[in-house]
Amino acid sequence: MFLRNNFLSYLAAIFIAVALVILPLQIAFANEESEKHFNQGEEYYNAGKYQEAVNEFKAAISIEKNNADYYCSLAWAYYELKNYSLAEENFNTSLSLDKDTSNPYRGLAWVYRAQDENEESLKYFIEAGQRSFQNNNFDLSVQDFTNALDLDYENLLAYVGRGLDYFYLEKYTDALNDFNKVIQLDSDFGMAYQGRALVYRKQGKIEEAKTNYLLAGQKYISSEEYDSARDSINDALSLDENYGEAYFYLGEIEFFQDNYLESLNQYDKAVDLGFTDYLVYANRGYTKFQLKRYEEAIADFDKAIEMNKTFATAYKWRGETYLSLPEDTADKYENALKDFTKYLELEKNLDEDAKSEYEQKIEMCKTELKNSNIFGYSDNLVENLNESGILGEVNGILKILLIVMVLDYLIIIGCGIYEKNLTGGLAARHFALKVIFLLIIMVANALDESEAIGMQIRNFIVAIILVHELLSILENAERLGIPVPDWLKNLLQNIKERISRVFR
């Protein structure tokens with residue numbers, strides 16, 4: 001049993017060894033046979049014997065079924081025989097086995113062109129040119145792109161592709177002609193500027209190269225191709241690391257992707273290197289607005305508007321920034337109101353929704369100003385009086401009086417409107433009365449400062465006028481139909497009488 005098992009093991013080993021020797025020989029023989037048929041097919045093809053070539057190529061394929069070149073050559077033979085359906089089928093089979101070679105794409109282009117299917121033909125000529133370029137076969141690529149341009153003399157990709165072929169063939173004039181043609185046809189096509197930059201760089205024309213790299217970057221940004229834009233702008237910086245405008249466009253790339261911190265970093269570099277276009281200040285202001293650095297943002301918007309007073313967007317952004325300030329002041333709404341109004345004045349092409357949005361913001365600012373005017377104006381008045389000193393120290397009681405005087409005047413005007421007896425003379429008389437009160441306080445303050453009487457009388461005068469104004473407010477409120485408690489009126493009247501006794 002042991003001997004039998006060993007014998008079978010040795011026999012199996014012998015069979016495996018023989019197979020390992022014979023199989024490669026069989027493969028080599030088969031390859032040799034298929035190659036023989038293929039070469040014979042090529043000879044027939046070159047001699048114009050296309051049917052014989054077909055037979056040989058098919059024989060090669062029957063031996064080696066996964067050879068892309070065999071199918072491609074068979075397709076060309078069918079093309080010459082005008083059997084376009086079989087040509088198309090075999091070119092596609094070749095492509096399914098190898099997509100990186102250009103020959104099947106080129107064959108399909110000619111097949112479709114022979115059948116007047118020019119759009120398909122154009123597509124495959126461009127594909128063939130791109131594959132030839134990738135395989136560094138630039139002369140063949142030039143032919144492919146030229147064939148594409150015969151079908152469409154305004155095809156941008158074909159001009160750019162051929163321009164790059166000419167560049168690598170060191171035919172710089174031809175390359176520039178093709179890139180310039182693209183720009184003539186479409187001034188927003190970034191690849192053409194990038195191609196020109198390559199040529200200028202090779203020729204040592206550094207300024208022209210920088211400019212075209214930057215132009216390419218701008219066009220890529222406009223079409224939201226941010227990676228291509230970044231590559232092109234970095235190429236410009238590789239020629240000049242102090243190119244301030246390039247940093248501005250790097251900032252733009254981050255800006256349009258909402259990367260505000262990095263955007264701010266790039267804008268700062270641009271300004272530091274002397275690039276001071278109004279856009280860099282406007283966009284830097286917006287990044288600071290997004291980062292909640294409001295005061296700095298307003299300063300940048302101020303600078304942008306100073307440089308370009310018709311740049312509507314800066315007014316809009318500055319208005320939004322004013323509204324975002326944490327302090328709720330009249331100045332905040334007044335400034336925002338001015339900016340939004342200016343924005344609508346300058347921006348004539350807003351759609352109805354955007355226009356309505358800012359009209360609503362304008363109305364909101366107006367409402368807030370109405371609500372804060374009495375306090376806002378009195379605050380401004382207090383500041384001016386403090387500076388002038390004509391009423392003495394603007395302390396708490398005087399501040400209250402000033403607010404109450406403004407409020408009383410507004411209520412009196414309201415009564416006139418309500419009772420339909422408002423006249424210019426009535427408004428003027430009440431305004432004159434308020435001025436007389438202030439003049440009396442000025443005189444009292446002057447007496448205090450001169451020490452002529454030897455007592456402080458200004459605060460007493462202020463108190464009397466304050467009570468008088470409060471009583472006036474209550475009386476006029478009743479005219480408007482607002483109920484006022486009798487005890488409150490009596491209280492104020494008693495206070496007024498007691499203060500008056502001091503001067504009897």
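# Briefing: a protein built from helices

Of the 504 residues in the protein, 42% are buried. The model is predicted. The protein has 23 helices and 0 strands. Among contacts with a separation of 6 or more, 51% join residues 24 or more positions apart.

**Helix 6 and helix 7**

- Helix 6 covers residues 118-134, and helix 7 covers residues 138-151.
- The two helices pack at an angle of about 160°, and their axes are 8 Å apart.
- Angles over 145 degrees count as roughly antiparallel, so helix 6 and helix 7 are roughly antiparallel to each other.
- Their crossing is left-handed.
- On the helix 6 side, the contact is made by N118, S121, L122, F125, I126, A128, G129, Q130, S132 and F133.
- On the helix 7 side, the contact is made by F138, L140, S141, D144, F145, N147, A148 and L151.

**Helix 11 and helix 12**

- Helix 11 spans residues 206-222, and helix 12 spans residues 226-239.
- These helices pack at an angle of about 160°, with 8 Å between their axes.
- Helix 11 and helix 12 are therefore roughly antiparallel to each other.
- The crossing of helix 11 and helix 12 is left-handed.
- Helix 11 makes the contact through I206, A209, K210, Y213, L214, A216, G217, Y220 and I221.
- Helix 12 makes the contact through Y226, S228, A229, S232, I233, D235, A236 and L239.
- E224 lies in the loop between helix 11 and helix 12.
- E224 has a relative accessible area of 59%. Exposed means over 50%, so E224 is exposed.
- Most residues other than glycine have a negative phi. E224 is not a glycine, yet its phi is positive, at about 65°.

**Helix 14 and its surroundings**

- D258 is found in the loop between helix 13 and helix 14. D258 has a positive phi, near 65°, and is a residue other than glycine.
- Helix 14 runs over residues 260-272 and has 13 residues.
- From its first C-alpha to its last, helix 14 reaches 18 Å, close to the 18 Å expected at 1.5 Å a residue.
- The buried residues of helix 14 are Y260, S263, L264, Q266, Y267, A270 and V271. They lie on the same side of helix 14, because they cover an arc of only 165° around the axis.
- An α-helix has 3.6 residues a turn, so residues three or four places apart point the same way.
- Helix 13 (244-255) and helix 15 (278-290) are included in what covers the buried residues of helix 14.
- The exposed residues L261 and D272 are on the face of helix 14 turned away from its buried side.
- G274 follows helix 14 and has a positive phi, near 95°.

- Helix 18 (residues 330-346) has 17 residues. It reaches 24 Å from its first C-alpha to its last, close to the 24 Å expected at 1.5 Å a residue.
- The buried residues of helix 18 are A330, K332, Y333, A336, L337, D339, F340, Y343 and L344.
- M364 lies in helix 19 (residues 352-388).
- M364 counts as partly exposed, because its relative accessibility is 32%.
- Leaving aside neighbours within four places in sequence, M364 is in contact with L323 and Y333. Y333 is one of the buried residues of helix 18.
- L337 is also a buried residue of helix 18. M364 and L337 are 27 residues apart along the chain, and their C-alpha atoms are separated by 8.8 Å.

How values were computed
Residues numbered from 1 in each chain as written. Predicted model: local features only at pLDDT ≥ 70, side-chain atom pairs only at ≥ 80, totals over all residues. Heavy atoms only, no water. Helix = DSSP H or I, 4+ residues; strand = E, 2+ residues; numbered from the N terminus. Expected span 1.5 Å × (residues − 1). Buried < 20%, exposed > 50% of the residue type's maximum accessible area, 1.4 Å probe, protein only. Arc of directions from axis to C-beta. Contact = heavy atoms within 4.5 Å. Axes fitted to C-alpha atoms, helices over the stretch in contact; angles between N-to-C directions. Parallel < 35°, antiparallel > 145°, perpendicular 65-115°, else oblique. Left-handed = near helix turned anticlockwise from the far one by under 90°.
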